[in-house]
Amino acid sequence: MNSLLYLPIVGSTNDEISNFVEEELSAPFAVYTFNQTKGRGQYGNVWESIENKNLAYSLLIPCSSIRISATHFNFHTALVVRDFLANITDIQAEVKWPNDIILNGKKVVGILLEKKKIHHHDYYIIGIGVNILQENFEEISKAGSLKTQTNKDFDLQEFAKSFHSYLVKHLLEDKKEIKILQEYNNHLFRRFKVSVFEKNTLRQNGIIQSVDNEGYLHVELEQDGNQKFYYKEIKLLY
C-alpha cells in the first residue's frame, strides 16, 4: 500500500482512513484531500474548510510504534507540525494549548488525535487541518492561513507531499518525554504574557505559566491565583 493516498472529496479524513486498512499496518499510512465536507475538530468542534484552499490530512500510526504516553505524543505531534511550518515560512510559529498552531498570532492549523482499534490492532489517527490559501475568514478573526501570514502562494499537492514526508520522518523519532515537554513549553503561545481567559463564563486576566506532564495548563489568574486546568475547563481569549 502506498503510504499517502489522495482523495478528491471526503466527509472526514479521520473517519475515512480506517476504510483503507485491510490488514495490520507496520508503518504509517495517510490520506489527504483539499475538499473535506464534514471535518471534525477537538472536543466535538467542527473544522470548516473551503474547497481547494486548504489541506485535510489524516495519518494512521500503529500504537506499538510509539513509546511515549498519549499526552506526550499529542505534544510531540504539535511540535513537529510547528517545526515544519516554521521551516517553510521562516516565521515564528507557536503551539496554543493543547495543539493548535499559531503563525504570527493567527491559528492556521488544528490537530485532532484519536485512538482507534482496527482489525484488532490499536492505532493513533492524527487528523490535521491546515489553512493554506484561504484569505477570507469572515467572523473567525483569530484564524489565518499560510497565505495571509506570508503573502505567498503554495502548491497544494507539493505542500501535502512535503508535509507527509516531514511528519513520518520526525514523528517516529525516539524522544524523551521530558525533552518533549520542555520544547512544548518553550513554544507555548502567550506564555508569561498577560492574556484574557474565560472560566465558567466569567472573564479575567491571567498569565500562562506552563503545561505539566499530565497535560494540565497552569495559569496565574488575577482573581483566583495559581490554578491548573484540563482541556475545555478554561478558554484563552487573548
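## Basis and conventions

Two strands pair if DSSP finds at least two bridges between them. By this criterion, strand β5 (residues 54-62) pairs with β9 in the antiparallel sense over nine bridges. Helices (H or I, at least four residues) and strands (E, at least two) are DSSP runs, numbered from the N terminus.

The model is predicted: local features need pLDDT of at least 70, side-chain atom pairs count only at pLDDT 80 or more, and totals for chains, interfaces and linings use all residues. Residues are numbered from 1 along each chain as its sequence is written, and side-chain values use heavy atoms, with hydrogens and water left out.

## Overall form

The protein has five helices and 14 strands. Its radius of gyration is 18 Å, in agreement with the value near 18 Å for a compact globule of 238 residues. That radius is taken over C-alpha atoms; the globule rule is 2.2 Å times the number of residues to the power 0.38. Along the principal axes, the C-alpha atoms fill a box of roughly 55 × 40 × 30 Å.

Buried residues account for 51% of the 238. Buried means under 20% relative accessible area, exposed over 50%, and partly exposed in between (1.4 Å probe, protein chains only). The accessible surface comes to about 12100 Å², and 45% of it belongs to carbon and sulfur atoms. Areas come from the Shrake-Rupley method with a 1.4 Å probe; for residues, only the protein chains shown count as cover. Among contacts (heavy atoms within 4.5 Å) between residues at least 6 apart in sequence, 61% join residues at least 24 apart.

## Strand β9 and its partners

Strand β9 (residues 121-131) is mostly covered, with nine of its eleven residues buried. Another is β8 (residues 106-118), joined to β9 by ten bridges and running antiparallel to it.

Ile118 is bridged to His121 of β9. The β8-β9 hairpin has two residues between the strands, and His119 takes a positive phi near 50° there.

Ser195 has Gly206 of β11 as its bridge partner.

The largest nonpolar core has 60 residues. Such a core is a set of buried Ala, Val, Leu, Ile, Met, Phe, Trp, Tyr and Cys residues joined through side-chain atoms within 4.5 Å. Those with the most contacts inside it are Leu55, Tyr57, Val109, Ile128, Ile132, Phe159 and Phe163. Helix α2 (residues 70-89) supplies the largest share, nine residues. A second, separate core has eleven residues, including Leu7, Val10, Leu60 and Ile118.

In helix α5 (residues 177-186), the buried residues are Ile180, Leu181, Glu183, Tyr184 and Asn185. Their cover includes α2, β6 (93-96) and β11.

## Phe154

Phe154 is found in the loop between α3 (146-150) and α4 (156-171). Phe154 is buried, at 17% relative accessibility. Beyond its neighbours within four places in sequence, Phe154 is in contact with Ile88, Ile132, Leu133, Leu146 and Lys147. Leu133 is 21 residues away in sequence, yet 7.2 Å away C-alpha to C-alpha.

## Salt bridges

Side chains of opposite charge can pair when their charged atoms come close. A salt bridge here is a side-chain nitrogen of Lys or Arg within 4 Å of a carboxyl oxygen of Asp or Glu. The count comes to eight. One of them joins Lys147 to Asp153, the closest N and O atoms being 2.9 Å apart. Asp153 is exposed, at 59% relative accessible area. Glu135, Lys147 and Asp153 are linked in a network of salt bridges.

Arg82 and Asp83 form another, at 2.8 Å between the closest N and O atoms. Arg82 is buried at 10%, while Asp83 is partly exposed at 23%. Asp100 and Lys107 also form a salt bridge, at 3.4 Å between the closest N and O atoms. Here Asp100 is buried at 12%, and Lys107 is partly exposed at 24%.
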